[in-house]
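Morning, everyone. Let me put the structure up, and then we will walk through it piece by piece.

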Amino acid sequence: MVKNFVTALLCALIIVVGAKVSAAEMEMVSYSAQVKLQWLASVGVPEAKKILKELGQVNIYSEKNLKDYDRIEKVNGIYQELVHAAAVQYVQQNDYRNILDIGGGYTPRAMIFAREGRKYFGGELMAVAMSADEVMRKILPKKYMENVTYDEILAEDNDAFLTAANTFDGKICIVEQGLMIYLTQDRLADMYENISDVLKLKGGCFITSDLMTRELFKDIAAALYGDEQAEILYDETKDMYEELFYGFLNEENFTQRLDAIKYARDELGLKIHYAPLILDTSKLYCTKQLTKAQAEKIRQIAAKKYLWVITAE
């Protein structure tokens, strides 16, 4: 049921924006972004609610079509807010004025950074980039929208990476959250070569928490439901994404990501640093839905060095 609904709606979206991509390709990107918005909205992130509403308030999953929905929604909501807030706080704490968001979809980061006067470039499939641009123009006042650009960037497209980088004046923070799971090892290697070229040209950093997805997710699930249930909830969430993405996801992707990092370090000479996800969790929306004991556990998880910071220096 989910697949039929997704495919029909995606085909309609492709017609609307006039993008030349396949429904299957659009599906893995656009609906990954919308599922993340659904989880972010579920914990109360206001920007996610606004974007989701503008997209038509499409909730892909509910208790009607997802077993164990309530627990999956809660864990995924916290997970998505942690990784989203980690990227936002890192940019703010290090005062990056230029953000290149790779595969960010409809992320609320565009709204947050634009309102702060930072320059934001969202790199996506063209159909998603066009759709996100349309949505943001309806939500953001014109004076903030001037800080936002969307255009197509594929992992292997060096020209697109460098073109995006050259729209900025000064060092860049490249953000990636949730793209790696869709990339083969070859495409990951291409992406890291392109990131390396940008960092050597402009300076700055590349940040991601994707390499710690399994550990972070299980930490959150264990904090709420115990260690034994953490494994169950991880498997259930993986099954959910495999259904949505036609079985595209597999456990080998984790090894491939680690291989890509090794390649980035050993072959490209990039430096890898590790940082806490979030130093201050007091403003997270998800903690308002937790007991004091659970909120403290989430604070301890957020303090772990789950954020990878990669530089050319």
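Asp68 sits in the loop between helix 3 (46-55) and helix 4. Helices here are DSSP runs of H or I with at least four residues, strands are runs of E with at least two, and both are numbered from the N terminus. Please keep in mind that this is a predicted model, where local features need pLDDT of at least 70, side-chain atom pairs count only at pLDDT 80 or more, and totals for chains, interfaces and linings use all residues. Residues are numbered from 1 along each chain as its sequence is written, and side-chain values use heavy atoms, with hydrogens and water left out.

Back to Asp68. Its phi is positive, about 60 degrees, although Asp68 is not a glycine.

Asp95 lies in the loop between helix 4 and strand 1 (98-102). With a relative accessible area of 43%, Asp95 is partly exposed.

Now a partner for Asp68. The side chains of Asp68 and Arg71 are joined by a polar contact of 3.0 Å. A polar contact is a pair of N or O atoms within 3.5 Å; within protein, one must be able to donate a hydrogen and the other to accept it, and residues adjacent in sequence count only if both atoms are side-chain atoms. Arg71 belongs to helix 4. Leaving out residues up to four places away in sequence, Arg71 touches Tyr225, Gln229, Ile232 and Leu233. Touching, or contact, means heavy atoms within 4.5 Å.

That takes us to helix 11. Helix 4 (residues 69-93) and helix 11 have axes that come within 10 Å and cross at roughly 90 degrees. Helix 4 is therefore roughly perpendicular to helix 11. Arg71, Ile72, Val75 and Asn76 of helix 4 make the contact with Gln229, Ile232, Leu233, Glu236, Thr237, Met240 and Tyr241 of helix 11. By class, that gives six nonpolar, three polar and two charged residues.

Some terms before we go on. Axes are lines fitted to C-alpha atoms, for helices over the stretch in contact, and angles run from 0 to 180 degrees between N-to-C directions. Under 35 degrees counts as roughly parallel, over 145 as roughly antiparallel, 65 to 115 as roughly perpendicular, and the rest as oblique. Ala, Val, Leu, Ile, Met, Phe, Trp, Tyr, Cys and Pro are nonpolar; Asp, Glu, Lys and Arg are charged; the others, Gly among them, are polar.

Helix 11 has another neighbour. Helix 10 (residues 213-225) packs with helix 11 (residues 227-244) at an angle of about 130 degrees, and their axes are 8 Å apart. So helix 10 is oblique to helix 11. Among the residues that meet are Arg214, Phe217 and Lys218 in helix 10, and Asp227, Glu231 and Tyr234 in helix 11. The contact of helix 10 with helix 11 divides into seven nonpolar, two polar and four charged residues.

Look at Glu231, in helix 11. Its relative accessibility is 37%, so Glu231 counts as partly exposed. Which side chain does the side chain of Glu231 meet in a polar contact? That of Lys218, at 2.7 Å.

Helix 10 also packs against helix 13. The axes of helix 10 and helix 13 (residues 292-302) come within 9 Å and cross at roughly 160 degrees. The two are therefore roughly antiparallel to each other. Leu216, Asp219, Ile220, Ala223 and Leu224 of helix 10 meet Gln294, Lys297, Ile298 and Ile301 of helix 13.

Asp210 is buried, because its relative accessible area is 6%. A polar atom of its side chain lies 3.4 Å from the backbone nitrogen of Met180.

Last, the whole chain. The protein chain has 13 helices and seven strands. Of its 313 residues, 57% are buried.

Key
Buried means under 20% relative accessible area, exposed over 50%, partly exposed in between (1.4 Å probe, protein chains only).
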